[in-house]
Every structure is written in C-alpha cells, then in structure tokens.
Amino acid sequence: MAETVMPAGEEPATPELDILARRVKRFRQARRLSLRQLGELSGTTASFLSQLERGATGATTSTLMRIANALDISIADLFDDRPRSTHRVLRKAERPSWPEAAGYRKTLLSQRPIQDFEVFVGEFDVGGSTGPEQYTHGDSHEMLLVIAGEIELYLADEIHPMSEGDCIEYSSSTPHRTVNRGASVAIVQWIISPPTGSVAKA
C-alpha cells in the first residue's frame, strides 16, 4: 500500500508523529537493525522508514502493524511514551494517539504493565474509515463494540451493518475494515487479546 510522504526535512506535523518517529528509531536501534533490514522484515523500504523516523510522514494502520511485528513489539509501544506504572487514571486528553488520518482518529486505552490485551477507541467522522483497504494483524481474538453512531464492518467478503450497542467478535487474521455509514460521528471500541505484537523490553 502506498504511503503519503512529505518533503524531506519537513518538521513533524503533530506530537503523535514526533513520538512515533522517536519510538520506531529507538526500537530499531535496540534491535540493531539497519533501515534496509527493517524494511525487508516489514515489507516497506529504507527510504520510507527514514522519512518515518524523521517525523516527515505517517503510515497506515496495517503498515504500522507490520513494523511493530518486525520489531517484535506491540503497536501500542510505538505511541505510548509514558513511564510504566500500575493503577493510573488515564485522562482522555492523555490517551496515546495515532497520527490522525482523514476522518479517523484512534487512541489507546489500555496501559502498561497490562500485556494480556489491548483496548483502542476509534472515532470516525461521517464517511471516515480505517483506510481504503481491509487489513489483518496477527491471529488474535478481537471484539468491536459500537459506542455511538452507525458503522459497516467489512470482514473478508461479509458486510455487517452495526449500530450503537452492537458488538461482534472475529479473528484479527480476517481481513477487516470499519466505515462510518451514518449521518453523525461514530465511535467504536476494539478489544484485542492477546496484543498482535509482543511487548518489548527496550
């Protein structure tokens, strides 16, 4: 899948991109991988990864999952840059966030040291989606719960219309895609167990 790349040398556009850039570089160096080696492992390129590590570009969810798997970490580790502790209240404004895509925002709710599952919230503007293509990540048990609005969940060749309060379970290895087909903002929650990348010690 093609990634959107900004001109070389451009400053990170958001704090989320800045965190992502630093985390990818940190984990890559901790694994003693070159840009070319990580590119081969993740199905990307050294050029793209160089831009990513400079904060000059973002990446689709499926690409970030491939990078996380190649680094043997959870995708959450690419965004959660906070110290690890127990019994913390997570304020909404403090949730680790993915770089915002057109009409789609994703944040992380579960916190380290919890490692058995991950919980994400996705907010979709009218017509927003997780991307133009279905994607997969690992082979975990995944539940999607519609908190508000109306969506369509694509699971391989199936389409499931869902409304507030509806939920569905599936394997994360099944190609899937979420689209807001309603007339207002849609909010969903994903619960994934186990996380689709192991937690790194770096």
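Predicted model: local features only at pLDDT ≥ 70, side-chain atom pairs only at ≥ 80, totals over all residues.
Residues are numbered from 1 along each chain as its sequence is written, and side-chain values use heavy atoms, with hydrogens and water left out.

**Overall make-up**

- The protein chain holds four helices and eight strands, and from the N terminus on these elements follow the order α-α-α-α-β-β-β-β-β-β-β-β.
- Of the 202 residues in the protein chain, 45% count as buried; buried means under 20% relative accessible area, exposed means over 50%, and partly exposed lies in between (1.4 Å probe, protein chains only).
- Among contacts in the protein chain with a separation of 6 or more, 67% are accounted for by residues 24 or more positions apart, a contact being heavy atoms within 4.5 Å.

**Helix 2 against helix 4**

- The axes of helix 2 (residues 35–42) and helix 4 (residues 61–71) come within 8 Å and cross at roughly 115°, the axes being lines fitted to C-alpha atoms, for helices over the stretch in contact, with angles running from 0 to 180 degrees between N-to-C directions.
- Helix 2 and helix 4 are therefore roughly perpendicular to each other, given that angles under 35 degrees count as roughly parallel, over 145 as roughly antiparallel, 65 to 115 as roughly perpendicular and the rest as oblique.
- In this pairing, Leu38, Leu41 and Ser42 of helix 2 meet Arg66, Ile67, Ala70 and Leu71 of helix 4.
- Sorted by class, the contact of helix 2 with helix 4 has five nonpolar, one polar and one charged residues, where Ala, Val, Leu, Ile, Met, Phe, Trp, Tyr, Cys and Pro count as nonpolar, Asp, Glu, Lys and Arg as charged, and the others, Gly among them, as polar.

**Nonpolar core**

- Within the largest nonpolar core, which has 38 residues, Leu20, Ile75, Leu78, Leu144 and Trp190 touch the most other members; such a core is a set of buried Ala, Val, Leu, Ile, Met, Phe, Trp, Tyr and Cys residues joined through side-chain atoms within 4.5 Å.
- Helix 4 supplies the largest share of this core, namely six residues.
- Leaving aside residues up to four places away in sequence, Ile75 touches Thr61, Leu64, Met65, Ala68, Trp98, Glu118 and Phe120.

**A buried glutamate**

- Glu142 belongs to strand 3 (residues 141–148) and, at 2% relative accessibility, counts as buried.
- Beyond residues up to four places away in sequence, Glu142 touches residues including His137, Glu169, Tyr170, His176 and Trp190.
- Glu142 and Thr196 are 54 residues apart along the chain, and their C-alpha atoms are separated by 9.9 Å.

Technical notes:
Helix = DSSP H or I, 4+ residues; strand = E, 2+ residues; numbered from the N terminus.
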